[in-house]
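Biologist: I'm new to this one and would like to learn how to read it. Could you walk me through a few features, starting with the backbone?

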Amino acid sequence: MATKTQIPNDTDTEKPNGESTEERCSVEEVALVVPETDDPTMPVLTFRAWVLGLGSCVLLIFLNTFFTYRTQPLTISAILMQISVLPIGKFMAATLPRKEYSLLGWRFSLNPGPFNMKEHVIITIFANCGVSFGGGDAYSIGAITVMKAYYKQNVNFLCALLIVLTTQILGYGWAGMLRRYLVEPLEMWWPANLAQVSLFRALHENESRNKGISRMKFFLIAMAASFAYYALPGYIFPILTFFSWVCWVWPHSITAQQIGSGYHGLGIGAFTLDWAGISAYHGSPLVTPFSSILNVGVGFIMFIYIIVPLCYWKYNTFDAQKFPIFSNQLFTTTGHKYDTTKVLTPQFDLNVNAYNSYGKLYLSPLFALSIGSGFARFTATLTHVALFHGRDIIKQSRSAMKNAKLDIHAKLMKSYKQVPEWWFQILLAGSIVLSLVMSFVWKDDVQLPWWGMLFAFALAWIVTLPIGVIQATTNQQPGYDIIAQFIIGYILPGKPIANLLFKIYGRISTVHALSFLSDLKLGHYMKIPPRCMYTAQLVGTLVAGTVNLSVAWWMLESIENICDVDSLHPDSPWTCPKYRVTFDASVIWGLIGPKRLFGPGGLYRNLVWLFLIGAVLPIPIWALSKIFPEKKWIPLINIPVISYGFAGMPPATPTNIASWLVTGTIFNFFVFRYHKRWWQKYNYVLSAALDAGTAFMAVLLFFALQNEKVELKWWGTSLDHCPLATCPTAPGIKVDGCPVF
């Protein structure tokens, strides 16, 4: 019989120097959900795990890459494969031969026994690589898409493959070197992982029947309900995605529709009854701590309900009334879309004379202010982490974690052979060398010189740790995409491709590092041997990156006019809204350049002050937490997360964020406080079920109906009945379909 290792939950051990080390995890959510036992005899990287893990990785990367080009992009989470592989794994355990084989002295079996939880976890680690590449973090493919589809650049496939793989492996190198700070400490609890832990337990643990409905049965019921329901917003009744009733009450008022539109306005009064819409941009609200939800809510209310209305209607800031109040498009001074082809040279540089003749570039007011919030968020993150976590980081650096608190999970993991840091350093060095080689061999394609690459690596190294601390404690990831592009835009103006590449290596490698770190924490919670984790993540990365680029390349070559909204049929699903924002960013920061927009004489120059404001704002919060240490709520005021309340817009809409806030408050405040036993048993299971049911139905709808051009046309299939929300309100501006004031 397999043995289990368990450390008593109610004891504390004493170090020789008298420093107490805590046994149980002090984070209540973790203590309620994560098991505090381990069975080190469980096989992990089995034949079943390799087959199902690689299969899951390839399938997810294909689906996620495919869907990311669509008008309503869909990220299919690893939970879909997490559910699907369970019956297959059990079937393989029942049918594969148990005979032992020998290969070069290595003895193994195709079937080492029952399909176990650790095999299931390692399969999910493979699958997560498919999500990281093809889903919400598909930035390197975004750059390739912008180069090919928007700039019509004839980029080499091998060059593109190096871009995709080196950014991922670079991130893996950062992750390995930051494990001691962002995985092992008990305070770094990575809230999003608790949904997967809860689901694993529901799928594998037997529960006594006298405690109400089992988690497995609850999951199946909730998933079935989610699956059936998503047929409404996903196909039959899409208006449920943006329910903007204000526009029905005032069908002829531009102002009312600007206020009430859920798709093109401030979304006041609008809501979504679509789980995909609720979780699209900030992830599942059920797995985000309420303190984080509250911080995001404060920032959202300040921005959407106070700052944007004042700037638009009262002060007409940045000539705001010439443009839609909310849009991801770029505009001329007359309110029309900005045609970048008129200011682009054949070498993909800025034609300065053409730019001076054509005119300045303008942004919608909400888009401009969202960029400004990114300035504040970057400096606020650095200040916040330095003040609130700087002492711990320095202490961990000096002691190499010897004197840090170890909870029961860290203690149980000490029984496994660790991964030497030089394994990660080799990957990091190799990725850097290949990136530099690429900058020499394809210098005309990538535009970014070798010193720009080194600068990007240095920036990523500086910011990955502070941003990781924020994500590991709040489930929110403050981005600094804008800062990376702002910096290189000043250094290399007029070079949009160089700007894209600097963003990938200076910012997106951080995104991938944090994705890897999150998976490492999942392995930490589920007691997966570190060397098995290393193998699965590295192989999954190489496979996913290759398939990711291959699928994207095939689509870019085979779908006519993909991403070109003006040339596509009006009902075409291939409008690429995610990549349109990437293209806009390359124009703003690379082609036109921050000096023309934010420098002396630039229309948006005053937004630069937000760098200073962001750096200063965390200081009084930190000072108050020291003056009043008994007030435990003061340190929970998190300026970077408050500024995250208006991050991601566009492509996120205010309705997406508002509905996320309401849902998260219901479950992580009211249910957590008044029905804690229900929350402990079912909250994360419900989150997983909603994800899985929605994903299954979305895939079924596409391949069964939408791909076959079987489409419904009626009042309820329109996303947003607010046609005037995109109209300007300044006198004399003429735009098709809009009245002239």
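**Reading the model, feature by feature**

Modeller: Happy to. W190 sits in the loop that runs between α7 (179–182) and α8 (193–204). Keep in mind that this is a predicted model.

Biologist: What is the phi of W190, and is the value positive or negative?

Modeller: The general idea goes like this: most residues other than glycine have a negative phi. In this structure, W190 has a phi near 45°, which is positive although the residue is not glycine. K152 is another case, with a positive phi near 55° in a non-glycine residue.

Biologist: Where is K152 found?

Modeller: K152 belongs to the loop between α5 (139–150) and α6 (157–177).

Biologist: And how do I read accessibility here: is W190 buried or exposed?

Modeller: Look at the relative accessible area; under 20% we call a residue buried, and over 50% exposed. W190 has 3%, so it is buried. K152 comes out at 55%, so K152 is exposed.

Biologist: Let's move to charged pairs. How many salt bridges does a search of the whole structure find?

Modeller: Seven. One of them joins E119 to R48, with their closest N and O atoms 2.7 Å apart. E119 is part of helix α4 (residues 117–134) and R48 is part of helix α2 (residues 47–67), so this pair ties together parts that lie 71 residues apart in sequence.

Biologist: Is E119 buried or exposed?

Modeller: Buried, because its relative accessibility is 0%. R48 is also at 0%, so R48 counts as buried too.

Biologist: Which residue forms a salt bridge with K148?

Modeller: That's E557, and the closest N and O atoms of the pair are 2.9 Å apart. Since E557 lies in helix α23 (residues 530–558) and K148 in helix α5, the bridge ties together parts 409 residues apart in sequence. As for accessibility, E557 is at 52% and so counts as exposed, while K148, at 14%, is buried.

Biologist: What about K495: which residue is its salt-bridge partner?

Modeller: K495 pairs with D349, with 3.5 Å between the closest N and O atoms. Here the link runs between loops in distant parts of the chain: K495 is in the one between α21 (481–491) and α22 (496–525), and D349 is in the one between β7 (330–331) and α15 (352–358), 146 residues apart. K495 has 26% relative accessibility, so it counts as partly exposed. D349, at 21%, is partly exposed as well.

Biologist: You mentioned α5 and α23. At what angle do their axes cross?

Modeller: In general, two packed helices are described by the angle between their axes and the distance between the axes. For α5 and α23, the axes cross at roughly 25° and come within 11 Å. That angle makes α5 roughly parallel to α23, because anything under 35 degrees counts that way. The crossing of α5 past α23 is right-handed.

Biologist: Which residues make the contact?

Modeller: From α5 you have I141, I144, T145, K148 and A149. The α23 side brings N548, L549, A552, W553, L556 and E557. Sorted by class, the contact has seven nonpolar, two polar and two charged residues.

Methods: Residues numbered from 1 in each chain as written. Predicted model: local features only at pLDDT ≥ 70, side-chain atom pairs only at ≥ 80, totals over all residues. Heavy atoms only, no water. Helix = DSSP H or I, 4+ residues; strand = E, 2+ residues; numbered from the N terminus. Buried < 20%, exposed > 50% of the residue type's maximum accessible area, 1.4 Å probe, protein only. Salt bridge = Lys/Arg side-chain N within 4 Å of Asp/Glu carboxyl O. Axes fitted to C-alpha atoms, helices over the stretch in contact; angles between N-to-C directions. Parallel < 35°, antiparallel > 145°, perpendicular 65-115°, else oblique. Left-handed = near helix turned anticlockwise from the far one by under 90°. Contact = heavy atoms within 4.5 Å. Nonpolar A, V, L, I, M, F, W, Y, C, P; charged D, E, K, R; others polar.
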